[in-house]
Amino acid sequence: MSTSKVLLGVVVGLAAGAMAGILMAPEKGSETRKKISNKGQGYVDDLKGKFNDFLDGFMSHVETVKDDANDMADRAKSKIGETVKKVGNYTHNT
């Protein structure tokens, strides 16, 4: 059995257990629904925050790689220009 299937099973089991526990609680249905809604919104907000943090970090790395690639390209162009100049001087002097 793959790790992802086991992990998915654990998550689904935890969620089902939590829902069963909330639904068995001795409270009014409206209070229970409000708790479920608030808890769900909390999970959504946490997930959005983590996704945004991940996205910010990822974009930062993309910008760093882009800047490094541009620097390498600029250095390569400079070296090519120097080489062309040396070849031109060599061919004119011979």
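These legends describe close-up views of a predicted model. Residue numbers start at 1 along each chain as its sequence is written, and side-chain values use heavy atoms, with hydrogens and water left out. Local features need pLDDT of at least 70 and side-chain atom pairs pLDDT 80 or more, whereas totals for chains, interfaces and linings use all residues.

**View 1. A patch of negative charge on the surface.** Glu-63, Asp-67, Asp-68, Asp-71 and Asp-74 gather here. Patch members have over 30% relative accessible area and no salt bridge; like charges are joined within 9 Å, and nonpolar side chains (Val, Leu, Ile, Met, Phe, Trp, Tyr) within 5 Å. A salt bridge is a side-chain nitrogen of Lys or Arg within 4 Å of a carboxyl oxygen of Asp or Glu. Asp and Glu count as negative, Lys and Arg as positive; His and the chain ends are not counted. Each charge is placed at NZ of Lys, CZ of Arg, CG of Asp or CD of Glu. Asp-67 sits in helix H2 (residues 29-93). Helices are DSSP runs (H or I, at least four residues), numbered from the N terminus. Asp-67 counts as partly exposed because its relative accessibility is 42%. Buried means under 20% relative accessible area, exposed over 50%, and partly exposed in between (1.4 Å probe, protein chains only).

**View 2. A nonpolar patch on the surface.** Phe-51, Phe-54, Leu-55, Phe-58, Met-59 and Val-62 form the patch. Together they have about 570 Å² of accessible area. Areas come from the Shrake-Rupley method with a 1.4 Å probe; for residues, only the protein chains shown count as cover. Phe-58 lies in helix H2. At 45% relative accessibility, Phe-58 is partly exposed.

**View 3. The aromatic pair of Phe-54 and Phe-58.** The structure holds 1 aromatic pair. The ring centres of Phe-54 and Phe-58 are 6.2 Å apart and the planes stand at 20 degrees, so the pair is stacked. Rings of Phe, Tyr and Trp (its six-membered ring) pair if their centres lie within 6.5 Å; planes under 30 degrees apart count as stacked, over 60 as edge-to-face and the rest as tilted. Phe-54 and Phe-58 are separated by about one helical turn because they are 4 residues apart in helix H2. Phe-54 counts as exposed, at 53% relative accessibility.

**View 4. Lys-79 and His-61 in helix H2.** Lys-79 is exposed, with a relative accessible area of 55%. Lys-79 and Ser-60 are 19 residues apart in sequence; C-alpha to C-alpha, they are 29 Å apart in space. His-61 counts as exposed at 58% relative accessibility. From His-61 to Gly-21, the separation is 40 residues in sequence and 43 Å in space, C-alpha to C-alpha.

**View 5. Leu-23 in helix H1 (residues 3-24).** Leu-23 counts as exposed because its relative accessibility is 58%. Ser-4 is 19 residues from Leu-23 along the chain, and their C-alpha atoms are separated by 28 Å.

**View 6. Val-87 in helix H2.** Val-87 is partly exposed, with a relative accessible area of 46%. Val-87 and Lys-50 lie 37 residues apart in sequence. Their C-alpha to C-alpha distance is 55 Å.

Conventions. Helices (H or I, at least four residues) and strands (E, at least two) are DSSP runs, numbered from the N terminus.
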